[in-house]
Amino acid sequence: MVRRIYVLLLCWLAIGASFAGRAAADSLEDSARALAIPETQRETLAHIRDLGDPAWKDALQALKEGALYSWKGQLLILDESGTFKDLGGNPLLDASGQPLMPEADLEQVPLEEANISLVQRALDVIALFDPNPKTRQAAIMKLANLADASVMGLLVRALERERNPVVQPMLVEAVARLRLSDPDPLLRAQAVKFFSETRSEAALVPLKALLEREEEAALKRAITQVIGEIERYLLFRNAVGYVFNGLSLASILLIMSLGLAITFGLMGIINMAHGEMLMLGSYTAYVIQEFFSSHLPAQQDYFFFVALPLSLLVVGGVGLVLERGLLRFLYARPLESLLVTWGIGMLLQQGVRLYFGDQTSVNAPTWFRGGWEIMAGLIFPYSRLFIIALSLLCLGVVYLLLYRSDTGLKIRAVMQNRDIAGCMGVSTPRIDAFTFALGTALAGLAGCALSLVGTVDPEVGKTYIVDSFMVVVLGGVGKVLGTILASLGIGVANKLLEPSISGTAAAVYAKVGILLLVIFFLQLRPTGLFPARERSTEAVGR
Amino acid sequence: MSAARSWKRRLLAEIMLGALLIIGLPLLNALGILSDYYLNLFGKYLSLAILALGMDLIWGYTGILSLGQAIFFGLGAYSVGMHLMLESSGKGVYGEPIPDFMIWNRVFELPLFWKPYQHLFFAFLSSLLLPALVAAVIGFLTFRRRVGGTYFAILTQAIAYAVWLMFNRNELKLGGTNGLTDFKSIMGFSLSDPGTLRGLYLVTALCLVGSFLCCRWLVRSKMGLVLTAIRDQEQRLRFLGYPVATYKIFSFAVAGALAGLAGALYAPQVGIITPSQIGVLPSLEIVVWVATGGRGTLVGAIVGAVGINAARSVLTARYPEWWPIILGGLFVGVVIVFPEGVIGLPQQLGRWGRWMRVWLFERRGAGPGSVGGSQRGIETSKRPMLSEED
């Protein structure tokens, strides 16, 4: 909030400054006349550009669009509503105060072909002094990329005036980039030194270009060194980015596979509809959002706090119904349960498609937009950070539940030996139902979290389901630690493989590569990372 | 009914089914009752029935659930498809000696691995042996390490997914998402000529009958007994000293070859093969054909494949959005309610009828004053009520 007030204050300052610029009205009139004459147009435009005066914005815009007219030695702007205004923005009125429509002597000011780019440049320069910091940023970016030395002075002037903490460093960098091609070697050296400190990615291209034409040996060495520094920094930054992306994928895989792995360990069945449970979680978030936007638009942002627990409950409930209604008849036949769950997945997928249509999306609450700039040019979106935190929370809860609670003790007992556990008085059907519902509820939670970062469509589960199966295969049966390591491994390896393959097919070949790795791994350890220590010969492939 | 008579009856039924496919349908076609369109459609179903036979061999008899069977089908179909592309190249839009899609992808010279496919014999051999080889490699990597059951199922599914992703890429030089299509002729016979399609139908029907006989011979041989034993008690068989992995690899490879054959017959008849036929869903559909027909019966696989595909042709034309629902419902319904499929339906209905009789009988028996010896006859009933009353 304090920051907003600060920005607002700066805006007012900027506007005040632009009013001050209007004082020089007489020179405006002179320039306007010169602008209308083709011979002096170019010169005048260059002059206007060097002024960087916001008062010229409307006139230049009109000139660009062919809406600038000269009438009795005066310039008029034809605005969108069809009325004429003078350069000060006041509508043209006749004696009685009615809008005047001049007919005679009205002449369109021609814009010479060669001057079009100059008009654009002048507009960009004026945007440098715009009250809106976003417009200023865009203008700075544009001017810095154009590498036009003629706007140098204006950039410096803008820099003197700039107080916005976001825009100011951009301006500094833009000035430094332009200085790279300054004729003065001292200034060039200064700019190179500047980039050795900021290690900005944008400087890489101009620095390389400079290296080609630079003649001074000392400066050349410095440039080579800076380029090396920047490239090393970029490599490091990208690596951090890839690992973060991998962690983000791994956290989603983790929430999904925890449920899968526990149910697999407990009942020996793989829930092929697990991806659809994720999808149902996403759609729960969507429905809640729709409800909020139609009934409680003022609290729109808070829908997520309702959606999160509700997706857990709804999808957990669906899981419970599934287990009690269908799957409990199939525990002795794991392969058949695979088919049944796949069929259920198809039914759910198509049912959702028929009801909701093909693709929708959830608008993340406003406080999840944006991100945390951890290093220059690398932003961790808040939504992804939230998903990582959520998965850690889920992990903690599942761990406490499994290893520090009565129910967990019973679950582990049934997992180790169903018959004996039953004999000791554990109600195995109840444990089965609870565990299955827990697993699906986790998938629902993952779906709700995922709706923050992706679209919501009936096939969203398919994207993650194969990967999470691989996590279960790799992590072993019903092992929390194995599941963590496997989802980390698969998530991070996926995102690290993608850039190393490069090209549009990267994601595809990364998936193929992961699969090959998993198959290779199974050669070494066919029962996963942490095989269950039991005396049965049928640890795998029940 | 004695076992011998039942066997004779089944043989008769099988012979009649075979005769209907090989002689009956072409005869109907010749008489003008069955149009060329439907004969061609039937040819497609029969080629898919061969695919289902292979699935039944591994799932119904050996107990291996492969969720990647469509890969092998795709390998067979692409092998023959590549030959057909080469045979019709030069007659395409660009008149170049290489397939048109390569020109769109800026490939101007025939890739090396395409070259041997100029010979039909090689293409056909590749459609049989390549899938078998791939299946054997997958089997070698998994079965030998005793990866089986659910692990094997989801691994093959992941492989199917990966292969599908790869076949969608243009870099593989196999037509990308558009697949291979626009075949002109096979062995010089035009594919738009109904005569060629009739010939292809006949070849397909013969191949199906041949595959069926081979499979039946296999499952009735001593080897078939071993395969069934692997399904029922893999551990015990291993302890008895049988090389279980080798048997599994062999049957998986045979199923792969059958799937390849099915693909090889499918591609020229349908005229197109795209990656959409080799993904995860097509692989699972094959399982549903077999489950619906009745697993472990061979005939059931054929019935299921033809029946479901015919139903699909009818239903997707009318209610395209409901087909996934029907298919999903089949997955659930067949496994839970009719585990023996269509072939086992009579026995199952008979059993239900017996249960129903028992239920009704007991109800009547539970009425006032009729607790008598007449209830003693019911021993098939699993209801514990009687013993409790005793």
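A crossing of two helices is left-handed if the near helix is turned anticlockwise from the far one by less than a right angle, and right-handed if clockwise. Keep that in mind for the first exercise.

This is a predicted model, in which local features need pLDDT of at least 70, side-chain atom pairs count only at pLDDT 80 or more, and totals for chains, interfaces and linings use all residues. Residues are numbered from 1 along each chain as its sequence is written, while chains are lettered from A and ligands numbered from 1 in the order in which they are written.

**Exercise 1. Describe how helix α8 (residues 167-179) of chain A packs on helix α9 (residues 185-198) of chain A.**

Step 1. Helices (H or I, at least four residues) and strands (E, at least two) are DSSP runs, numbered from the N terminus.

Step 2. The axes of α8(A) and α9(A) come within 8 Å and cross at roughly 135°. Axes are lines fitted to C-alpha atoms, for helices over the stretch in contact, and angles run from 0 to 180 degrees between N-to-C directions.

Step 3. Because of that angle, α8(A) is oblique to α9(A); under 35 degrees counts as roughly parallel, over 145 as roughly antiparallel, 65 to 115 as roughly perpendicular and the rest as oblique. The crossing is left-handed.

Step 4. From α8(A), A:E173, A:A176 and A:R179 meet residues of α9(A), including A:L187 and A:F194. Contact needs C-beta atoms, placed from the backbone, within 7 Å.

**Exercise 2. Trace the strand pairing around A:L76 in β2(A).**

Step 1. Strands pair if DSSP finds at least two bridges between them. Strand β1 (residues 68-71) of chain A is joined to strand β2 (residues 74-78) of chain A by four bridges, and the two run antiparallel.

Step 2. Three bridges link β2(A) to strand β3 (residues 84-86) of chain A, again antiparallel.

Step 3. A:L76 stands opposite A:Y69, and its bridge partner in β3(A) is A:D86.

Step 4. β2(A) and β3(A) form a hairpin with five residues between them, and A:G82 in the turn has a positive phi of about 90°.

Definitions and conventions
Two residues are in contact if their C-beta atoms, placed from the backbone, lie within 7 Å.
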